[in-house]
Amino acid sequence: MSDIVETITPEQNPALRRLALLATGSTGADIERLVREVRRKTRRQRRSLTWDDLEQALLADHMKLSDDMRWRTAIHEAGHAIAFCDLEVAEVITVSIGVGGMGQVISRQHHHLQQTQNWLMRSIACMLAGRTAELLIFGDAVAGAGGYDNSDLARATEHAVAAETRLGFSSHQPLLYRSAAGSINELSLDRQLAERVNDRLMGAEAMARKLLGKRCDDLNGIAERLKDAGVMTGEEVRALLGASDGSLT
């Protein structure tokens with residue numbers, strides 16, 4: 001893409017910024033392939049390559065969602081983004097829907113934070129905030145938050161298991177360390193451990209629900225914009241949250 005972009009940066013060119021956002025999650029090889037395909041198409045049409053050509057190609061690579069699913073996905077991802085911002089666990093970089101599956105929030109962890117039990121619970125709340133947002137707005141949640149090893153529910157459960165088995169945060173045998181290998185499998189064998197892990201998950205979900213309950217207008221507003229645009233920057237999300245009076249005190 002260097003012959004198109006030259007020395008222009010995304011900050012200097014809104015069209016390039018839009019392309020950069022739409023390409024979030026793509027590898028360098030993905031982008032090279034896409035540009036080659038678009039260039040071949042425009043050459044056959046005997047015209048120059050434009051920003052719009054690249055944008056349309058990137059949009060075509062996104063998963064096509066029904067209107068109902070697009071709105072639900074926007075609510076889900078907006079819930080994650082708001083939780084990251086308000087609980088100050090990580091800096092939101094981009095929020096998108098229809099990319100890499102259903103949707104995603106790309107964030108940068110705040111490494112200056114002390115990884116205390118409070119930090120861990122806030123992190124779990126952020127993982128559960130997408131599903132919690134669905135429950136608040138629709139009264140139910142789709143299965144997308146779980147079902148695979150890297151899902152929201154799987155990661156939240158793994159963090160809660162870690163708190164109880166190897167991070168020293170458990171009220172039961174806090175000094176006893178159990179290896180990460182097989183910790184999740186212990187849940188089916190150790191009923192007491194499963195109950196303590198579930199209590200942590202329920203506590204984190206309650207934290208997310210309380211936060212998002214105070215941010216319902218912001219949740220709908222961000223989701224509405226995300227539904228239409230497909231992708232938002234962290235700066236846009238923070239600007240919308242900062243402009244409202246629904247922040248936690």
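**Exercises: cysteines and the largest pocket**

The count of disulfides, taken as pairs of cysteine sulfur atoms within 2.5 Å, comes to zero. The model is predicted, so local features need pLDDT of at least 70 and side-chain atom pairs count only at pLDDT 80 or more, while totals for chains, interfaces and linings use all residues. Residues are numbered from 1 along each chain as its sequence is written, and side-chain values use heavy atoms, with hydrogens and water left out.

**Exercise 1.** State whether Cys 85 and Cys 126 are buried or exposed.

*Solution.* 
- Step 1. Buried means under 20% relative accessible area, exposed over 50% and partly exposed in between (1.4 Å probe, protein chains only).
- Step 2. Cys 85 has 18% and is buried.
- Step 3. Cys 126 has 0% and is buried.

**Exercise 2.** Determine which element gives the largest share of the lining of the largest pocket.

*Solution.* 
- Step 1. Helices (H or I, at least four residues) and strands (E, at least two) are DSSP runs, numbered from the N terminus.
- Step 2. Two or more lining residues come from each of α5 (67–87), β2 (103–109), α6 (117–138) and α7 (152–165).
- Step 3. The largest share, seven residues, belongs to α5.
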